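Please look at the sequence and the model first.

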Amino acid sequence: DWRLPNIKELRSISDETRTGPSLDKAYFPGARAARYWSSTSLFGPAVSAWFVDFSSGLASYSDKAGQLLLRCVRGE
């Protein structure tokens, strides 16, 4: 039951008071300061998707052909 988080879920774990990575290492000890895909496609032709850059905590989008990291979540 593991899945990719949507952009709002992925963005919610980012902490802009931290950099490199912008995640709390107590909760995400193996986190890297890198870009992580979300499951949210950009509106229109589904060739791009949203990601969060955990170097800075900023969200943006990129072509789905690019290789970014994944951070999966699961429901209870």
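## Salt bridges

The structure holds 6 salt bridges, a salt bridge being a side-chain nitrogen of Lys or Arg within 4 Å of a carboxyl oxygen of Asp or Glu. The model is a predicted one, where local features need pLDDT of at least 70, side-chain atom pairs count only at pLDDT 80 or more, and totals for chains, interfaces and linings use all residues. Residues are numbered from 1 along each chain as its sequence is written, and side-chain values use heavy atoms, with hydrogens and water left out.

Helices (H or I, at least four residues) and strands (E, at least two) are DSSP runs, numbered from the N terminus.

Asp 1 is exposed, at a relative accessible area of 62%. On this scale, buried means under 20% relative accessible area, exposed over 50%, and partly exposed in between, with a 1.4 Å probe and protein chains only. Salt bridges with shared partners join Asp 15, Arg 18 and Asp 24 into one network.

## Fold and sheet

The chain has 1 helix and 5 strands, in the pattern β-α-β-β-β-β along the sequence. Its radius of gyration is 12 Å, close to the 11 Å that the globule rule gives for 76 residues, so the chain is as compact as a globular protein of that length. The radius is taken over C-alpha atoms, and the rule is 2.2 Å times the number of residues to the power 0.38. The C-alpha trace spans about 40 × 30 × 20 Å along its principal axes.

An open sheet is formed by 3 strands in the order 2-3-4, with antiparallel pairing; two strands pair if DSSP finds at least two bridges between them. Strand 2 (35-41) and strand 4 are at the edges with a single partner strand each, so one side of each has no neighbour in the sheet.

Strand 3 (residues 48-53) and strand 4 (residues 58-63) pair over 6 bridges in the antiparallel sense. Ser 48 stands opposite Asp 63 in strand 4, and Val 52 has Ala 59 as its bridge partner in that strand. The hairpin of strand 3 and strand 4 has 4 residues between the strands, and Gly 57 takes a positive phi near 90° there.

## Nonpolar core

Which residues make up the largest nonpolar core? There are 8 residues: Ile 7, Leu 10, Leu 23, Ala 31, Ala 34, Tyr 36, Val 52 and Phe 54. A nonpolar core is a set of buried Ala, Val, Leu, Ile, Met, Phe, Trp, Tyr and Cys residues joined through side-chain atoms within 4.5 Å.

Apart from its neighbours within four places in sequence, Val 52 is in contact (heavy atoms within 4.5 Å) with residues including Ile 7, Leu 10, Ala 34 and Tyr 36. Buried residues make up 25% of the 76 residues in the chain.
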